[in-house]
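Okay, thanks everyone, I'll keep this short.

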Amino acid sequence: MRELIIEARINEYMRREQGNPHVPYLPGEIVADAIACRTAGAAIVHFHARKPDGSPDHDAETYARTVSAIRRSSDILVHPTLGDVTLEAGPEQRLAHILEMAKDPATGPHLAPADMGSLNLDIYNPQARRFDTLERIYKNSTGTLAYFCETMKRAGVKPYLTCWNVGFTRCAAAFIDLGIVEEPAYMSFILTDNSFLGGHPGTLQGLRAHTDFLPEDRRVVWSVIDYGGNLLRLASAIIAAGGNISIGIGDYTYPEFGQPTNAQLVERVVALARDVGREVATPEEAKAMLGIR
Ligand code: ZN
């Protein structure tokens with residue numbers, strides 16, 4: 001079995017007051033966390049630029065400064081987000097900072113996300129028995145996704161094909177078929193516990209409903225995220241099945257382990273991999289496995 005690729009999802013838009021003071025906000029904090037996660041065993045770091053108060057920072061300059069600082073100090077593969085500007089901006093604006101960074105090897109990201117469909121991003125609150133919001137739509141038209149994947153391919157950035165449900169996976173398979181996405185494709189299955197209803201439940205059944213629809217006869221490297229829940233409950237099953245792990249306190253604060261750092265979560269995944277008998281990929285190995293230039 002190939003080596004396990006561990007991706008650290010260090011901050012998303014998680015706020016420290018949601019339960020974990022270790023969520024990195026500023027470029028220096030993100031860089032330090034990326035280095036610590038690499039030391040612990042992560043091959044990829046995924047981050048969202050944030051302002052000092054934790055709110056989203058959409059400044060292309062902040063992204064460039066952060067990526068170049070990570071690349072100067074670590075060989076970890078870098079995966080910046082497109083940002084939640086995504087909810088209102090056009091496709092060119094959403095991808096602009098990635099393309100700008102890709103022009104210079106010092107700031108070039110290795111990966112960028114493409115969420116392969118559209119969905120509602122409203123959160124249901126079962127205690128209060130109501131939805132917290134009602135009109136948040138994460139819109140990714142097929143044309144927008146084709147633009148993302150074709151443009152990233154030209155820019156030498158590997159698309160991270162995020163699949164919230166089976167319909168997204170089918171779209172990703174169609175893009176491979178069209179040659180818009182090159183093999184090996186990198187696909188990430190989203191489980192959403194205690195948050196959005198648009199992903200699969202964070203259970204073995206939810207996971208299997210994703211993996212049952214892995215495109216046959218295609219070279220796909222797949223990973224799993226649990227946005228809002230404890231991915232470690234499923235990590236051994238994922239690792240044993242040949243999948244990869246995308247984990248971090250950006251997705252879930254992991255109160256069951258106190259207030260862990262991202263690096264401590266990565267260490268837990270490494271220990272599980274050892275139990276299952278699977279080696280952990282270095283960034284260089286992950287790069288080769290994913291066909292990143
Ligand atoms: Zn993200």
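Glu12 and His46 are both buried, and by buried I mean under 20% relative accessible area, with a 1.4 Å probe and protein chains only. Before I go on: this is a predicted model, where local features need pLDDT of at least 70, side-chain atom pairs count only at pLDDT 80 or more, and totals for chains, interfaces and linings use all residues. Residues are numbered from 1 along each chain as its sequence is written, and side-chain values use heavy atoms, with hydrogens and water left out.

Glu12 sits in the loop between strand 1 (6–9) and helix 1 (27–40) and His46 in strand 2 (residues 44–47), so the pair ties together parts 34 residues apart in sequence. Helices (H or I, at least four residues) and strands (E, at least two) are DSSP runs, numbered from the N terminus.

Now His48. You'll find His48 in the loop between strand 2 and helix 2 (60–73), and this histidine is buried too, at 6% relative accessible area. Its side chain makes a polar contact with the Tyr13 side chain at 3.5 Å; that's a pair of N or O atoms within 3.5 Å, where within protein one must be able to donate a hydrogen and the other to accept it, and residues adjacent in sequence count only if both atoms are side-chain atoms.

Conventions: Buried < 20%, exposed > 50% of the residue type's maximum accessible area, 1.4 Å probe, protein only.
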